[in-house]
Amino acid sequence: MVGLNKIESHRRLCLKKDLIELSYWHNTLEAFNIELDYLSIIEKQLLKNVSVSNIITALRRKNVMLMASLCKYEQELLQEIEYGKTEYDLNRLKVHGQKQDSYISLVKDFSLFKNQYYTLLKKFRSN
């Protein structure tokens, strides 16, 4: 009986760890959304570059889609903690890893875009 309680406790701990990490991802993606709003305003007022505007729109779309996917995943984790009995195994770890890969991919895309965006802004500096 003690062994089963220890396994269940470990399973719940792993799921809670995933939820904590997921919360960090949510916060980062929300910050990206706010930053995209500001970058869009600057683009409209200063850069006036259609391709930059399109990239912002595409990044916003990817961000929203990923946030929706992560919200659904969060609900699955919460349900698993509350009612589930599925072992935290390699399959569950793989699913979490795929979500993490999607998050990291967007972070890289956003970072690359910002570098290109700020390079465009350099031409507007005053002498």
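Burial and ring pairs in a predicted model

User: In this predicted model, why is Cys71 called partly exposed?

Analyst: Cys71 has a relative accessible area of 36%, and since buried means under 20% and exposed over 50%, Cys71 falls in between and is therefore partly exposed.

User: What makes Cys14 count as buried?

Analyst: The relative accessibility of Cys14 is 13%, which is under the 20% limit, so Cys14 is classed as buried.

User: How many disulfides does the count give?

Analyst: The count comes to 0 disulfides, where a pair of cysteine sulfur atoms would have to lie within 2.5 Å.

User: Turning to the aromatic rings, how many pairs are found, and why is the pair of Tyr24 and Tyr103 called edge-to-face?

Analyst: The whole structure holds 5 aromatic pairs. In the pair of Tyr24 and Tyr103 the ring centres are 6.5 Å apart and the planes stand at 70 degrees, and because an angle over 60 degrees counts as edge-to-face, that is the name the pair receives. The pair links distant parts of the chain, with Tyr24 in helix H1 (residues 2-47) and Tyr103 in helix H3 (residues 90-121), 79 residues apart.

User: How do you know whether Tyr24 and Tyr103 are buried or exposed?

Analyst: Tyr24 has a relative accessible area of 52%, which is over 50%, so Tyr24 is exposed, whereas Tyr103 has 7%, which is under 20%, so Tyr103 is buried.

Notes
Residues are numbered from 1 along each chain as its sequence is written. This is a predicted model: local features need pLDDT of at least 70, side-chain atom pairs count only at pLDDT 80 or more; totals for chains, interfaces and linings use all residues. Side-chain values use heavy atoms; hydrogens and water are left out. Buried means under 20% relative accessible area, exposed over 50%, partly exposed in between (1.4 Å probe, protein chains only). Rings of Phe, Tyr and Trp (its six-membered ring) pair if their centres lie within 6.5 Å; planes under 30 degrees apart count as stacked, over 60 as edge-to-face and the rest as tilted. Helices (H or I, at least four residues) and strands (E, at least two) are DSSP runs, numbered from the N terminus.
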